[in-house]
Amino acid sequence: MANTMFSFGEFNYGGVQDKLGSTVENMEVDNIGGKQVYEAENWGSFGSLCSDYGIYGNSFSDYRKYQQQDQQQQQQPQLISDYGVFDDMQFQYGALSPPLQACLEEIAKLENIPTLVPHVEPPKKELKRDIFPVAGLDLLNNYGSGFKRLNGERISESNPYAAYTEVKSSNLSTEEIMRVAGARFIRTASQVSASDIPSMLSHPFELSFAGLSDEESRDVELVEFLLASAEKVGYQQYERATKLLTLCEKLCSDRGNPVERVVFYFCEALRDKIDRETGRPAQNKQAFDMEKAMMSPSETSFACHNKIPFGQVAQFAGIQAIVEKVAEAKKVHVIDLEIRSGVQWTVLMQALASRDFPLELLKISAVGTSKEAIQNTGKWLESFAKTMNLPFSFQMVMVPDMLDLKEDMFELDSEETVAVYSQFVLRCMVPQPDRLESVMRVIKSIHPSVTVVTEVEANHNSPVFVNRFIETLFFFSAFFDCVETCIEKNDPIRESLESQYFGNGIKNIVATEGEERKIRHVKIDIWRAFFARYGMEELELSSSSLYQAELVSKKFPCGSSCTITMDGKTLLAGWKGTPLQSLSLWKFV
């Protein structure tokens, strides 16, 4: 039963149980750039498997209504199709940059892994040199050398920048525009002074725009100005940086194309950075509590879950892994380190109810700080379990601080098979290493059969400002491109997502330092080294889990641009080749 898959196509959410699907065999695996890519189209037909679960419907208001009426004991449970809010917003302001060569300045060094928090260097004196630091140029060059066309073919180039001097077709993605601009910037950084802005407009390399449309050419120039401004900020040349920012602000807009919108929010972040460094008073804007917003169901998180594929891709692959690990268990105990709406566990309930032998108990322990929110989630899950005649227990584990989490807070049973589920939780504690290590010690003491970890695949933890800026720019460029494709232009959700979540995320990563910088995503390589300290071993994702991920992505209208690759044993879900999230499985040895 190790590879048993759960099926959703024939499930009647009124209570009729479905049958387990069959094992996935003979997968075709292509190798692209050294990473395995799994294509669902090449796997043949799998019947009704997961045919109807890609999107959980549109009745978000029903979920809120249920919350308001939770005291009514006889209320009929809502269908799973009415609950689209699997809050994946932890990743909305953090996403994955594309593969690039290791750069010691760009990642937290291995000797710093015990804390995962880099040393914040004191402000450097202004340098006379007017070009990016070598590490910054190398980072831009790494992004540039990885430039690919949308059809996946690498452009033949006789020199590192040939791909950008003769682009043979238009319709570049937002991130590809950034790559072109980065390559051009490298060529001109040492030749153009920021005090001579007009000379940047008349670029000396006329062929650099060959093959680009007028709009793409303007976008490339706009990004070049942004990179030049970031360079000056990195060297504390704030007057020069301000001149370049003023020019950028005239050319960008929060309602323009994706490149213009990306530049708009990065300009805001650089302005804030300059104000902080020069002691200017901050603008009085109403504070947006991003962490609180991500914890609670909202129209924005609902829309992202239903329209952007990454969250559901990782969710279903992760749940499939849990199903396989508890396949023979009579008692199943899931510990969710941050449950949010809990919609993901209705998927697990369906799979367990479909087994050939009865389940004695499914217990879910939800860790959190908001008692009311967790109570609402628990009541809804209990009602859902009743519709399936599934023996179910829900336990709240309330902790004001993760330092207070202890093993004895969980009602553990020696006969249980325990699984730990961590979705965008650990990255929140990277700035608080004592809490991160405390949680890891608790998990180790519980010794679960599997720990499922979903995280943002990005490096936003560099102590070097320029490197952090470049990583963040490419990372958000992929996300803005995704939003442009997946969410309608006039949808108010898009403006809320970009201005509140993306905008504030960019500002925190780019403009702040020290304890104030809360967003410090690290990539899977750093997590691997960290988990190894606690005796954890990474597990393989089964072919069934990989198939679930591919099939979910194909359910979305924009699913053709969602890419799923493997980094070792870790699944990376991304956009047009740029990873955005990671899913990995772990056990203690």
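Visitor: At what angle do helix H4 and helix H6 pack?
Guide: In this predicted model, helix H4, which covers residues 174-188, packs against helix H6, residues 214-234, at an angle of about 55 degrees, and their axes are 8 Å apart.

Visitor: Which residues make the contact?
Guide: On the H4 side they include Ile177, Met178, Ala181, Arg184 and Phe185, while H6 contributes, among others, Glu216, Val220, Val223, Glu224 and Leu227.

Visitor: Changing topic, how many helices and strands does the protein chain have?
Guide: The secondary structure of the chain comes to 18 helices and eleven strands. The chain has 589 residues, of which 59% count as buried.

Visitor: And what share of the contacts comes from residues 24 or more positions apart?
Guide: Such residues account for 81% of the contacts in the chain, where contacts with a separation of 6 or more are the ones considered.

Visitor: Where is the largest nonpolar core, in terms of residues?
Guide: That core has 109 residues, and the ones with the most contacts inside it are Trp345, Leu362, Phe469 and Leu571. Helix H15, residues 465-486, gives the most to this core, with 14 residues. Apart from it lies another core, of 31 residues, including Val397, Trp527, Phe531 and Met536.

Visitor: What does Trp345 touch?
Guide: Leaving aside residues up to four places away in sequence, Trp345 touches Ile319, Ile322, Val334, Asp336, Ile339, Ile364, Leu381 and Tyr421.

Visitor: What about helix H11, is it mostly covered or mostly open?
Guide: Helix H11 is mostly covered, with 15 of its 16 residues buried. Spanning residues 310-325, H11 reaches 23 Å from its first C-alpha to its last, which is close to the 22 Å expected at 1.5 Å a residue.

Visitor: Why is H18 described as largely enclosed?
Guide: Eleven of the twelve residues of H18 are buried, so the helix is largely enclosed by the rest of the structure. Among those buried residues are Ser543, Leu546, Tyr547, Gln548, Glu550 and Val552.

Visitor: And how far does H18 reach?
Guide: Helix H18, residues 543-554, reaches 17 Å from its first C-alpha to its last, close to the 16 Å expected at 1.5 Å a residue.

Definitions and conventions: Residues numbered from 1 in each chain as written. Predicted model: local features only at pLDDT ≥ 70, side-chain atom pairs only at ≥ 80, totals over all residues. Heavy atoms only, no water. Core = buried A, V, L, I, M, F, W, Y, C linked by side-chain atoms within 4.5 Å. Buried < 20%, exposed > 50% of the residue type's maximum accessible area, 1.4 Å probe, protein only. Helix = DSSP H or I, 4+ residues; strand = E, 2+ residues; numbered from the N terminus. Contact = heavy atoms within 4.5 Å. Expected span 1.5 Å × (residues − 1). Axes fitted to C-alpha atoms, helices over the stretch in contact; angles between N-to-C directions.
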